[in-house]
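This note sets out some points on the structure for a reader who is new to such models. Each point may be read with the sequence and the coordinates at hand.

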Amino acid sequence: MVGIKPKDAVPSGPVKFFGAGTAACIADLITFPLDTAKVRLQIQGESVKGEGAVKYRGVFGTITTMVRTEGARSLYNGLVAGLQRQMSFASVRIGLYDSMKQFYTRGTESAGIVTRLMAGCTTGAMAVAFAQPTDVVKVRFQAQVRLADGGRRYNSTLDAYRTIARDEGVRGLWKGCMPNITRNAIVNCAELVTYDLIKELILKYDLMTDNLPCHFTAAFGAGFCTTVVASPVDVVKTRFMNSADGQYRSAINCAIIMVRNEGPSAFYKGFMPSFLRLGSWNIVMFVTYEQIKRHMTRAQQYWESPF
């Protein structure tokens, strides 16, 4: 992103595209249980209130309950779809971010806050258009609870794609597309722009060099800001995408019902796992992404000029 010194080669578009997807998959592998806990906490309370309405309490309480009642593997429900999602989502929304900044600035190096926000919104929306079905299947898998007879809502990732398309039509695979576009535009802007600005300021005032401590600090700040800004939209998106056909008329209707039944605090359900997940995810992803870009660029240089 920013802060590349003159002696460093600028990573090419394909390097950024591949590097972003790979780094996001590594981050997902490490933080996926936190994401699953977040989804369970977000959907808790949408059913009819009564006995057993509150099953999960807190991040680690949710993880402990899931391991005890469903087994440790339940923490990785939907991992395949999650990796498919990250490889397509992150490659577009993160890998094309710098290219989109250059497009809006017409190739110049200077990019203001408005340009960065426009670039973040654009790549975030593009990513949803490519990969929405993977997100729907991931959320459905994370939300499903093993039944008493051992049955499941979906038996495999492929079965989930087929079942949703058969029972809800192809439109079912793009369920929650609009709230997801909204969420991704917000997340992308908060995540990438915040990371970009924090890193730029650190390098500008020589607080750190363009290395791991700098990337770690910028990623942590980006994770916190993203969680605060995006949590309400994320909860609505999760509820709507996991809902049965006809349960909500629209994402806005879902939000209204949430406020009516559970109060405004429902928009921040699962905030701690969201922060733990987004914070750790951002740290792993950005640190890995920066290293992948650096090493792939050096390898590319060596391949082109070995002597």
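1. Helices and strands here are runs assigned by DSSP, where a helix needs at least four residues and a strand at least two, and they are numbered from the N terminus. On this basis the predicted model follows the pattern α-α-α-α-α-α-α-α-α-α-α along the sequence. The chain holds 11 helices and 0 strands.

2. The overall form of the chain may be considered next. The radius of gyration is 20 Å, close to the 19 Å that the globule rule gives for 307 residues, so the chain is as compact as a globular protein of that length. The C-alpha trace spans about 65 × 40 × 35 Å along its principal axes. Of the 307 residues, 53% count as buried. The accessible surface of the chain comes to about 14,500 Å², and carbon and sulfur atoms account for 65% of that surface.

3. How do contacts in the chain relate to separation in sequence? Among contacts between residues at least 6 apart in sequence, 79% join residues at least 24 apart.

4. Over residues 210–295 the chain is 79% helix and 0% strand.

5. If residues up to four places away in sequence are not counted, Tyr289 touches Lys16, Gly19, Ala20, Ala23, Ile94 and Gly95.

6. Is Arg85 buried or exposed? Arg85 counts as buried because its relative accessibility is 7%, and the cut-off for a buried residue is under 20%. Not counting residues up to four places away in sequence, Arg85 touches Ala90, Thr134, Asp135, Lys138 and Arg183. The C-alpha atoms of Arg85 and Val137 are separated by 9.5 Å, although the two residues are 52 apart along the chain.

7. Asn184 lies in helix α8. With a relative accessibility of 2%, Asn184 counts as buried. Which residues does Asn184 contact, leaving aside its neighbours within four places in sequence? They are Phe89, Arg93, Gly124 and Val128.

8. Gly223 has its place in helix α9. At 0% relative accessibility, Gly223 also counts as buried. Not counting residues up to four places away in sequence, Gly223 touches Phe275, Leu278, Gly279 and Asn282. The C-alpha atoms of Gly223 and Leu117 are separated by 16 Å, and these two residues are 106 apart along the chain.

9. The cysteines are the next topic. A disulfide is a covalent bond between the sulfur atoms of two cysteines. A search of the whole structure finds 0 disulfides. Cys214 is in no disulfide, and the nearest cysteine sulfur, that of Cys225, is 15 Å away. Cys214 counts as buried at 0% relative accessibility, and Cys254 is buried with a relative accessible area of 0%.

10. The last point concerns a backbone angle. Most residues other than glycine have a negative phi. Phi of Asp206, however, is near 55°, a positive value in a residue other than glycine. Where does Asp206 lie? Asp206 is in the loop between α8 and α9. Asp206 is exposed, with a relative accessible area of 66%, and the cut-off for an exposed residue is over 50%.

Terms used. Residues are numbered from 1 along each chain as its sequence is written. This is a predicted model: local features need pLDDT of at least 70, side-chain atom pairs count only at pLDDT 80 or more; totals for chains, interfaces and linings use all residues. Side-chain values use heavy atoms; hydrogens and water are left out. Contact means heavy atoms within 4.5 Å. A disulfide is a pair of cysteine sulfur atoms within 2.5 Å. Buried means under 20% relative accessible area, exposed over 50%, partly exposed in between (1.4 Å probe, protein chains only). The radius of gyration is taken over C-alpha atoms; the globule rule is 2.2 Å times the number of residues to the power 0.38. Accessible areas come from the Shrake-Rupley method with a 1.4 Å probe; for residues, only the protein chains shown count as cover.
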